[in-house]
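I opened this model to look up a few residues, some helices and the nonpolar cores. My entries follow in the order I made them.

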Amino acid sequence: MRDWLRLIRLPLAATAAWDVLACTALVLAAADRGIGSLDLEAWALLALTSLLTYAFGMLGNDVFDRRRDRELAPTRPLPSGRIPVPAAVCVGLARGAGALAVGGGPAGDRRVVAAALACALLYNALTKRWLIPGAATMGGVRFANASVGAAPLVLAGSAPGWTLLAPLAVGLYAAGVTIWSTTEEVDSAARRLVARLHVILAFLLAGALPWVVSGVPTLSLIHISEPTRRA
């Protein structure tokens, strides 16, 4: 069991779930609907879809990288043989099918889930070999995942299109981290600068959007109160 949990990167899986929940909450606020407009089951199904999508991507990553890992990380579950490759493939496909079946629940959009899964497969199977295509595809994975609950509101006209800047911030951050992590061993100031710009832009968007939605000065989600005036 420990090897399976390591394979799906369980400690990091919650980040994907929080992305979709936070972006959905922000878009609901922009649509003048509170988070209470969705019941607990709807929120749980959004999170479950995201967790299944994340597991699909992580399992696919190790399946496609298993030959490389035999040299660089031979103790990992697949190259060490502790988990058979066919078993990992079957579990990964089951996770992807589960994500599609759940589809984000009543608040989600199965088409957006399919886009996230497709980007994850494309990244693992092909684009990770190149810097920019790989970063763009990984950004697409996280953008689509974070949009599962937000896109239906925008497509239905219940929320303005600019609210998709919230999941875009998530995608930009993921792209920047991907550029940074894949160039750690490359002495390239230009690549490091591009990675930093992605991350800075993502944080600026994340910090500004609650301000735009609420109409009052904020720092991220923390309201900055005006000083009380004495009569």
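**Entry 1: Arg9.** I looked up what Arg9 touches. Not counting residues up to four places away in sequence, Arg9 touches Tyr54, Met58, Asn61, Asp62 and Arg76, where contact means heavy atoms within 4.5 Å. Arg9 is found in the loop between α1 (2–7) and α2. Helices here are DSSP runs (H or I, at least four residues; strands would be E, at least two), numbered from the N terminus. I noted that Arg9 is not a glycine and yet has a positive phi of about 55°.

**Entry 2: what I am reading.** The model is predicted, and local features need pLDDT of at least 70, side-chain atom pairs count only at pLDDT 80 or more, while totals for chains, interfaces and linings use all residues. Residues are numbered from 1 along each chain as its sequence is written, and side-chain values use heavy atoms, with hydrogens and water left out. The pLDDT is the predictor's confidence in each residue, from 0 to 100. Its mean for the protein is 87, and 90% of the residues reach 70 or more. Over residues 219–231 the pLDDT is below 50, and this stretch has 10 contacts in the model beyond near neighbours in sequence.

**Entry 3: Asp32.** Asp32 has one of about 60° although it is not a glycine, and its place is in the loop between α2 and α3. Is Asp32 buried or exposed? Asp32 is exposed, with a relative accessible area of 74%. The cut-offs are under 20% relative accessible area for buried and over 50% for exposed, with partly exposed in between (1.4 Å probe, protein chains only).

**Entry 4: helix α6.** I went through α6, residues 110–125. Its 16 residues reach 22 Å from first C-alpha to last, close to the 22 Å expected at 1.5 Å a residue; the expected span is 1.5 Å times one less than the number of residues. The buried residues in α6 are Val112, Val113, Ala116, Leu117, Ala120, Tyr123 and Asn124. Seen down the helix axis, they fall within an arc of 140°, so they line one face of α6. The arc is that of the directions from the helix axis to the C-beta atoms. An α-helix has 3.6 residues a turn, so residues three or four places apart point the same way. The cover over the buried residues of α6 includes α3 (40–64), α5 (85–102), α7 (131–147), α8 (151–155) and α9 (165–182).

**Entry 5: Ala99.** I found Ala99 in helix α5. At 0% relative accessibility, Ala99 counts as buried. Beyond four places in sequence, Ala99 touches Thr49, Leu52, Thr53, Val113 and Leu117. Val113 and Leu117 are among the buried residues of α6.

**Entry 6: two residues of α7.** Asn145 is found in helix α7 and is buried, with a relative accessible area of 4%. I listed its contacts, not counting residues up to four places away in sequence: Asn145 touches Ala16, Asp19, Val20, Ser50 and Ala116. Arg142 also lies in helix α7. Arg142 is buried, with a relative accessible area of 17%. Which side chain makes a polar contact of 3.4 Å with Arg142? The partner is Thr15; a polar contact is a pair of N or O atoms within 3.5 Å, and within protein one must be able to donate a hydrogen and the other to accept it, while residues adjacent in sequence count only if both atoms are side-chain atoms. Neighbours within four places aside, the contacts of Arg142 include Val170, Gly171 and Ala174.

**Entry 7: nonpolar cores.** I looked up the cores last. A nonpolar core is a set of buried Ala, Val, Leu, Ile, Met, Phe, Trp, Tyr and Cys residues joined through side-chain atoms within 4.5 Å. The largest has 31 residues, of which Leu21, Leu38, Trp43, Leu46, Val148 and Ala159 touch the most other members. Two or more residues of this core come from each of α2 (10–30), α3, α6, α7 and α8. A second, separate core has eight residues, including Leu7, Ile8, Ala55 and Leu59.
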